Amino acid sequence: MRSKRFLVASLVVLFACKPPTPAEQLDSALSWVATARMAGDAWLQHTTPDKYTRQTLELSQQTLLQLGTKLLKSPVPGVDSASLDSLLTRSRGHIAQMAALVTAKNSPGFRQQLDSLISDETLVKQFADSAESKQ
Amino acid sequence: MKKILQLTLGIITSVGGFLEIGSVVTAAQAGANYGYKLLWAILLGTICLIFLVEMSGRLAAVSKHTIVDATRERFGFPFFSIVMLGIVAVAFLVLVAELGGIGLALQILSGIGFRWWAIPVSIIVWLLMWKGTFGVIENGASLLGLVTISFAVAAVKMHPDWGGAAHGLLPTMPGDGKAKYGFTAVSILGASISPYLMYFYSSGAIEDKWDESYIPMNRIIAGFGMTFGGFLSMAVLVAAALSLQPRGIDIEKFEQAALLMTPALTRWGFYLFAFSMLFACLGAALEISLAIAYFFAQGLGWSWSEDLDPSRDSRFAFTYTIIILLGAIPLLLGIDPIKVTMMSMALTSATLPLAIVPFLFLMNDSIYLGKHRNGWLSNSVVAIVILISFVLAIISIPLEIIGG
Amino acid sequence: MKLVRDVLDKKLTDREDCEMGRVSGLVMQVGERSQPRITHILVGGKTLWMRIHPWIARVAARLSRMWGPKRDEPVRIPWSRVESVGKDVKLDVKARDTGALDWELWVAKHIIERIPGGGKQEEE
Amino acid sequence: MKEINAELLIGRKVCDANGEKVGRIEEFRVTNTEKACLVEGYLVGTSALVDRLSAWTLIRPIDKALRGRVFSVYEIPWEQMDLSDPKHPKLRIPKSELRHSK
């Protein structure tokens with residue numbers, strides 16, 4: 001009986017992964033902004049098909065939304081969470097715009113959004129770097 | 001002349017069949033996160049695999065019995081049933097991951113989500129098994145799998161720092177994030193040293209009617225085939241280190257991995273990645289379904305051969321039919337194949353002792369192998385694999401919790 | 001000869017080298033003062049599960065009553081039919097007549113042959 | 001005369017006439033004649049297990065290092081084994097009268 005309970009407990013532990021730390025979530029956010037940028041670059045060079053590009057941008061936008069909520073709830077120590085949140089929201093906006101512009105096949109507009117996203121990416125990177133240096 | 005042809009074919013099929021979703025995803029993650037630092041894990045895994053595969057072929061060629069036959073016969077049904085439970089459960093997870101990999105490849109090509117592909121993909125895999133012969137499955141799938149060589153082309157085209165790569169062949173420990181680094185290393189080893197490959201290979205030797213005269217050929221196929229295959233895994237890692245790491249992209253989803261070759265090969269890179277994954281996962285899905293069905297049939301003494309009509313080995317055919325259909329269910333529910341892949345690779349490491357320890361006994365059995373039983377070199381390698389496998393089994397479970 | 005090492009769990013083949021399962025158990029006849037002897041080879045079913053745990057054997061028996069070729073007892077093959085004991089155990093019987101292939105034939109008839117392209121078991 | 005399942009005897013603990021533990025049944029030595037397969041004796045002890053797994057090439061170096069102290073074996077002739085209760089096999093003689101065999 002006790003061994004059974006132990007088995008159940010260890011299975012629960014095995015499958016309930018430890019949630020990622022806020023710093024890891026910030027890294028993940030950076031990774032998704034970078035993914036959107038890379039997919040965007042690729043689309044402009046006619047490297048990736050429209051559907052894939054749009055889906056990847058949407059995926060990155062949704063993931064960033066989830067990460068943003070989590071980062072607001074449990075902020076990274078030593079990081080101004082309000083300004084990080086507004087930055088992530090802005091990036092998400094650019095990515096959503098890009099996804100829409102893929103469907104419209106509007107390359108010039110897409111390029112504009114991509115440029116703003118690139119400058120946002122630099123800022124997210126600064127946040128991530130400062131979080132890392134404070135650890 | 002015929003032997004040379006068989007030899008070439010054998011090497012080509014091992015190269016074409018080497019990569020599958022597990023090895024690609026783990027290698028790409030390693031490259032994206034740690035640059036060249038984890039190349040040693042692929043090297044270590046490949047060396048172990050060369051020896052294990054050579055032994056699997058030798059056992060079958062000399063004794064005309066597969067590993068599963070011999071395990072049941074030597075260790076008896078009660079112990080065998082434990083091995084079967086562990087190996088088959090993990091192999092099933094790997095099958096789910098491979099079917100999902102086919103679905104994901106089709107998703108990035110077509111824009112239709114992988115859940116919709118679960119049923120068509122499993123039906124196609126099943127049809128190939130139902131109608132195909134062993135030769136068609138092994139050679140056909142692996143020849144298509146040769147498209148994975150594009151990973152090597154991409155890696156070389158990005159001008160890797162060869163010195164840095166050579167450095168990565170020696171194990172190092174990172175300063176921080178040890179748990180995640182360890183988890184990635186364990187997954188790479190799990191993806192390289194996969195027991196199902198041993199079972200498949202030894203059954204294949206019986207299907208192809210090998211005898212003792214095939215021992216030298218077996219050695220060359222295992223040696224060259226796995227070495228080139230290992231190079232392809234390393235190429236995936238290097239390509240990820242060059243294309244994804246500088247951009248700070250970590251692979252959590254398949255869509256991110258799809259960009260792996262685009263900096264080197266642009267439009268070609270995207271489609272080559274998709275087709276590489278499609279064929280690599282298709283080949284692996286066929287091999288694993290066969291390996292699971294072989295396991296049941298050999299262990300329980302049913303008649304089995306992929307070359308027979310399904311009604312001539314009905315229980316064997318029934319087993320893979322059920323397994324493939326069941327494999328589609330987690331995907332229909334929308335479980336992310338990448339998560340299944342990572343979990344199954346770590347669990348492969350955890351169940352490795354179950355497969356390797358009995359194998360050491362079998363490879364020293366003079367009744368089965370006579371003078372062809374293991375020498376000190378092979379035994380030392382198996383002993384090292386067992387040591388690694390126990391360490392992996394003990395650490396992979398805590399790492400699954402901390403790093404996963 | 002050693003019974004466990006050389007006979008138990010070995011592959012059984014019939015007169016025509018057709019595979020017919022593995023030795024799952026051995027019946028031993030014991031008396032007060034007479035020498036014990038192995039009288040039968042058992043194939044399949046309950047015998048196999050009993051070796052793990054009687055509980056599993058009960059569950060398996062209940063399942064097989066719901067489904068499959070109704071056969072409660074394992075197949076018994078007299079030891080006198082053993083032709084040779086090597087890497088495999090060769091029997092002087094015809095596999096189909098022993099009942100060892102009941103499941104194989106049942107699955108073929110009820111499932112596999114109903115799927116297009118499954119082929120047909122040859123009638124003999 | 002009664003029938004028992006030989007495969008279920010494997011791994012059963014054997015006690016001697018005084019109830020002292022001897023070891024586990026690992027193997028049966030049989031002679032196979034034209035007419036019947038006769039059980040000559042029962043092998044009890046770890047050494048019989050090693051033999052059953054055909055693992056001497058692997059274990060012998062370890063055995064030598066331990067000077068043969070761990071891998072013991074008793075061969076019990078059929079006359080001295082009482083199988084009237086197959087779940088609890090007993091010896092008809094005390095342990096001290098058993099001979100070790102190789």
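This is a predicted model: local features need pLDDT of at least 70, side-chain atom pairs count only at pLDDT 80 or more; totals for chains, interfaces and linings use all residues.
Trainee: Which elements build chain A, and in what order do they run?

Mentor: There are 0 strands in chain A, and the helices number 5. Of the contacts in chain A with a separation of 6 or more, 76% are between residues 24 or more positions apart. Read from the N terminus, the order is α-α-α-α-α.

Trainee: Let's move to chain B. Why is chain B said to be as compact as a globular protein of its length?

Mentor: Good one! Chain B is made of 17 helices and 0 strands. The globule rule gives 22 Å for 404 residues, and chain B comes close to that, so it is as compact as a globular protein of that length, with a radius of gyration of 20 Å.

Trainee: What percentage of the residues of chain B count as buried?

Mentor: Take "buried" as under 20% relative accessible area. Chain B still exposes about 13600 Å², 75% of which comes from carbon and sulfur atoms. Of its 404 residues, the buried part is 66%.

Trainee: How far apart are the mean positions of the positive and negative charges of chain B?

Mentor: For scale, the C-alpha atoms of chain B fill a box of roughly 55 × 50 × 45 Å along the principal axes. Chain B carries 22 positive and 23 negative charges, and the distance between their mean positions is 2 Å.

Trainee: Which residues of chain D lose the most area to chain B?

Mentor: Start with the contacts: 6 residues of chain D meet 10 residues of chain B. Together the two chains bury about 700 Å², with 63% of it on carbon and sulfur atoms. On the chain D side, 66% of the buried area belongs to the three that lose the most, D:Leu53, D:Ser54 and D:Leu58.

Trainee: And which helix of chain B is included in what covers the buried residues of helix 5 of chain C?

Mentor: Helix 5 of chain C spans residues 102-110, and its buried residues are C:Glu104, C:Trp106, C:Val107 and C:Ala108. Their cover includes, from chain B, helix 14 (314-332).

Trainee: Last one: how far apart are the closest C-alpha atoms of chain A and chain D?

Mentor: Chain A does not touch chain C either, as their nearest C-alpha atoms are 17 Å apart. No contact joins chain A and chain D, and their closest C-alpha atoms are separated by 23 Å.

Technical notes
Residues are numbered from 1 along each chain as its sequence is written. Chains are lettered from A and ligands numbered from 1 in the order in which they are written. Side-chain values use heavy atoms; hydrogens and water are left out. Helices (H or I, at least four residues) and strands (E, at least two) are DSSP runs, numbered from the N terminus. The radius of gyration is taken over C-alpha atoms; the globule rule is 2.2 Å times the number of residues to the power 0.38. Buried means under 20% relative accessible area, exposed over 50%, partly exposed in between (1.4 Å probe, protein chains only). Accessible areas come from the Shrake-Rupley method with a 1.4 Å probe; for residues, only the protein chains shown count as cover. Lys and Arg count as positive and Asp and Glu as negative; His and the chain ends are not counted. The place of a charge is taken as NZ of Lys, CZ of Arg, CG of Asp or CD of Glu. Contact means heavy atoms within 4.5 Å. Buried area is the accessible area (1.4 Å probe) that two parts lose on being put together, summed over both.
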